[in-house]
Amino acid sequence: QVQLVESGGDLVQPGGSLRLSCTASGSIFSIRAMGWYRQAPGKQRELVADISSGGYTNYAESVEDRFTVSRDNDKNTVTLQMNSLKPEDTAVYFCNCAAKSSYRDTWRSYWGQGTQVTVSS
């Protein structure tokens, strides 16, 4: 009912920048928080950054000085600007949102397919 599509993943050099975008589509009544998670090889999926419908943000300590999350509520999009990238940022990045597809639906968590970010020289 709600689909998320990410874009922007790529191979970049250490110190480089990358911008990820995610757009929600389908049957959408309301969206609460939107955010980005990542999963590196051999590790559990972790929160990178999220942003509430009111614009409040949260960041993992490892990225808060380098990454910026933002959203456009009218377009149902969330973006992640990543600067000063490090090899340890290498992971599959997943878009996530909590949404209702109709007035009487419960809140559900939706995930995108993921986009690969590789930081290597």
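Analyst: A charge sits over a ring if NZ of Lys or CZ of Arg is within 6 Å of the ring centre and within 35 degrees of the ring normal. Please note that the model is predicted.

User: How far from the ring centre of W111 does R45 lie?

Analyst: R45 has its charged end over the ring of F94, 3.9 Å from the centre of that ring. R45 also lies over the face of W111, and here the distance from the ring centre is 4.6 Å.

User: Which residue forms an aromatic pair with W111?

Analyst: The search of the whole structure gives two aromatic pairs. One of them joins F29 and Y103 edge-to-face, with 6.1 Å from centre to centre and 80° between the planes. The pair that contains W111 is also edge-to-face, with centres 5.0 Å apart and planes at 65°. The partner of W111 in that pair is Y37.

User: How many residues apart in sequence are the parts that Y37 and W111 tie together?

Analyst: Y37 belongs to strand β4 and W111 to strand β10, so the pair ties together separate parts of the sequence. Their separation in sequence is 74 residues.

User: Is W111 buried, partly exposed or exposed?

Analyst: Buried means under 20% relative accessible area and exposed means over 50%. The relative accessibility of W111 is 38%. W111 therefore counts as partly exposed.

User: Which cysteine forms a disulfide with C22?

Analyst: One disulfide is found in the whole structure. A disulfide requires cysteine sulfur atoms within 2.5 Å. The sulfur atom of C22 lies 2.1 Å from that of its partner, C95.

User: What is the handedness of the disulfide of C22 and C95?

Analyst: The torsion about the S-S bond is about -85°. The disulfide of C22 and C95 is therefore left-handed.

User: How far from C97 is the nearest cysteine sulfur?

Analyst: C22 is buried, at 0% relative accessible area, and C95 is buried at 0% as well. C97 is in no disulfide, and the nearest cysteine sulfur, that of C95, is at a distance of 6.5 Å.

User: Which side chain of opposite charge is nearest to D50?

Analyst: D50 is found in strand β5, residues 46-51. D50 is buried yet has no salt bridge. A salt bridge would require a side-chain nitrogen of Lys or Arg within 4 Å of a carboxyl oxygen. The nearest side chain of opposite charge is 8.8 Å from D50, and it belongs to R71.

How values were computed: Residues numbered from 1 in each chain as written. Predicted model: local features only at pLDDT ≥ 70, side-chain atom pairs only at ≥ 80, totals over all residues. Heavy atoms only, no water. Helix = DSSP H or I, 4+ residues; strand = E, 2+ residues; numbered from the N terminus. Buried < 20%, exposed > 50% of the residue type's maximum accessible area, 1.4 Å probe, protein only. Lys, Arg positive; Asp, Glu negative; His and termini not counted. Phe/Tyr/Trp six-rings, centres within 6.5 Å; stacked < 30°, edge-to-face > 60°.
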